[in-house]
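Colleague: I would like to go through some of the labels used for this model. Please set each one against its cut-offs.

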Amino acid sequence: MKLVINNAVDIDTFNLENIKANSHQAIKNNGKKKVGYIGTISGWVQVDLIFQVAKERKDIDFYFIGPIEAGLNIDMEKRPDNVIFTGTQPYYEIPTILKQLDVTIMPFEKSKLIESVNPVKIYEYLSLGKPVIATRYEETEKFGDVIYTYGDKEEFMYQLEKSLQETGNMNDIRIKYARENSWESRVEHIRKMLKL
């Protein structure tokens with residue numbers, strides 16, 4: 001029997017009720033909407049796409065929160081003023097940073113490597129109830145309608161606008177989804193499969 005266990009989320013760390021600080025110095029307090037990616041900025045991150053989107057949406061600040069991989073060539077001269085690179089942030093501060101974002105993103109270039117990844121990042125975004133926009137591929141399609149997916153810049157722009165205009169209880173639905181996909185739930189699933 002083959003058993004595949006997907007990634008999951010540390011629900012205690014990524015829990016709105018457990019976040020003590022209301023703000024983090026990495027995020028500007030300027031009244032603008034905030035869209036962010038958290039993780040290593042590597043060759044598989046569509047930095048140029050976000051630069052293009054940011055030029056058209058000056059009303060939004062776009063954040064890259066994490067280290068830039070050594071050797072990655074980002075043309076900072078093309079960087080719009082509303083794109084902010086914060087550098088590496090301590091892991092325990094990530095939930096506070098996420099709390100301040102209006103929309104979270106996972107703008108990955110599709111490749112064999114990426115298409116084999118069940119992204120833990122999305123579970124972490126969802127656990128705080130945040131709208132997520134991610135590159136569309138088989139693993140992101142498994143999240144169904146709790147995230148927004150895109151295939152090109154125009155669709156990214158459309159999904160961005162849609163996520164910013166959300167109404168209803170989607171935040172609660174996303175948090176519930178994350179809780180159902182916590183590491184604790186994964187362990188319980190394994191125990192049942194192994195009849196422990």
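Colleague: Why does K32 count as partly exposed?

Modeller: This is a predicted model, in which local features need pLDDT of at least 70 and side-chain atom pairs count only at pLDDT 80 or more, while totals for chains, interfaces and linings use all residues. Residues are numbered from 1 along each chain as its sequence is written, and side-chain values use heavy atoms, with hydrogens and water left out. Buried means under 20% relative accessible area, exposed over 50%, and partly exposed in between (1.4 Å probe, protein chains only). K32 has 26% relative accessibility, so partly exposed is the label that applies.

Colleague: What makes K32 and D61 a salt bridge?

Modeller: The term requires a side-chain nitrogen of Lys or Arg within 4 Å of a carboxyl oxygen of Asp or Glu. In K32 and D61 the closest N and O atoms are 3.0 Å apart, so the pair qualifies. Helices (H or I, at least four residues) and strands (E, at least two) are DSSP runs, numbered from the N terminus.

Colleague: Is D61 buried or exposed?

Modeller: Buried: the relative accessible area of D61 is 2%, and the label needs under 20%.

Colleague: How many salt bridges does the structure hold?

Modeller: Eight. Among them is E166 with R174, whose closest N and O atoms are 2.7 Å apart. E166 is partly exposed at 22% relative accessibility, whereas R174 is buried at 0%. Salt bridges also link R57, D59 and E161 in a network.

Colleague: Why is the pair of F51 and F85 called edge-to-face?

Modeller: Rings of Phe, Tyr and Trp (its six-membered ring) pair if their centres lie within 6.5 Å; planes under 30 degrees apart count as stacked, over 60 as edge-to-face and the rest as tilted. The ring centres of F51 and F85 are 6.4 Å apart and their planes are at 85°, so the pair is edge-to-face. F51 sits in helix α1 (residues 47–56) and F85 in strand β3, 34 residues apart. At 4% relative accessibility, F51 counts as buried.

Colleague: Which residues form one aromatic cluster?

Modeller: Y37, W44, F51, F64, F85 and F108. The whole structure has nine aromatic pairs, including F14 with Y91, which is edge-to-face at 6.0 Å centre to centre and 75° between the planes.
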